[in-house]
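Please have the model open while I go through them.

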Amino acid sequence: MSTRIAFLKGHGTENDFVIVPDPENVIDLPPAAVAALCDRRGGIGGDGLLHVVRSAAHPEAKDMAAEAEWFMDYRNGDGSIAEMCGNGVRVFARYLQRAGHVGEGDLAVATRGGVKTVHIDKDGDITVGMGKARLPEGDVTVSVGEHSWPARNVNMGNPHAVAFVDDLAQAGDLYSPPPFSPASAYPDGVNVEFVVDRGPRHVALRVHERGAGETRSCGTGACAVAVAAARRDGADPTVTGAPATYTVDVPGGTLVITERPDGEIEMTGPAVIVAEGEIDAEWLETFAR
């Protein structure tokens, strides 16, 4: 490992990430090192880490290398591995653009949730093809204190429980994962969204992200919320034959989610790189021992 490791810091609707460019996959990033980098007092600080690797250089992405040159090796803020992160994909694409690897227009990004199509707009927004939602069967309930709500089980490559509430304050502080039942519904934990209506096809959410706590935004969560809202509102595009577009307010900004009649979902929103610098490799190595 070199004595200095380059990093950047970026966010998508204030869902923030440490970005570590590592095209040839030579930097050791065990969970403890990732957690240290994402620590907001002892490290750089972030809801998660974007490890930027060429697909051909990563054992989990080699099979996707023919479709996507770059692999988003995403980690949660606690160091655990996650399948996908919608805001992270936009920030990942923004980094690739900044580094000169891609320009405006279309590109493909490999993730553990599959290859995602991305479009970098001239106006600065980035649109990500998020794939299709899966709607596992079975009733799910989430709770905060003495309150409980039925939740829609939506899988966007990662698991979500979407609960419609009267007031976002009912979600509590979201420091700890909201209890859910049955436990068998989410054996590896779940992202929980609490949602209120703001107007026609317009909702707002708060989210507890698995492995990160409450975050300012969650891209896959916004998609899950739009899917759940469309079913609740009788606007399921796979039934009506018409696209359903929802404006989703998150604490850190606004995302626009469109689900098409074929089930494909697109998410549009901003992505910003705010800083870059160098990590002391000797410090980081202390967390790899």
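A pocket, on a 1 Å grid over the protein atoms alone, is an open set of points with protein on both sides within 12 Å along at least five of seven lines, and lining residues have an atom within 4 Å of a point. A cavity is a set of points where a 1.4 Å probe fits but cannot get out. Points are joined across faces, edges and corners, and a volume is the space filled by probe spheres set on them.

This is a predicted model, where local features need pLDDT of at least 70, side-chain atom pairs count only at pLDDT 80 or more, and totals for chains, interfaces and linings use all residues. Residues are numbered from 1 along each chain as its sequence is written, and side-chain values use heavy atoms, with hydrogens and water left out.

The largest pocket has about 190 Å³. Of its 16 lining residues, Thr117, Val128, Gly129, Met130 and Glu264 lie nearest the centre. Strands (DSSP E runs of at least two residues, numbered from the N terminus) come in here: β5 (105-111), β6 (114-120), β7 (126-132) and β17 (264-269) each give at least two lining residues.

The second largest pocket holds about 150 Å³. Its lining includes Leu135, Pro136 and Asp139. β8 (140-144) and β9 (147-155) are the elements giving two or more residues, and β9 has the largest share, four.

How many cavities of 30 Å³ or more does the whole structure have? The search finds one. The largest cavity has a volume of about 80 Å³, and among its lining residues are Tyr74, Cys85, Glu209 and Arg210.
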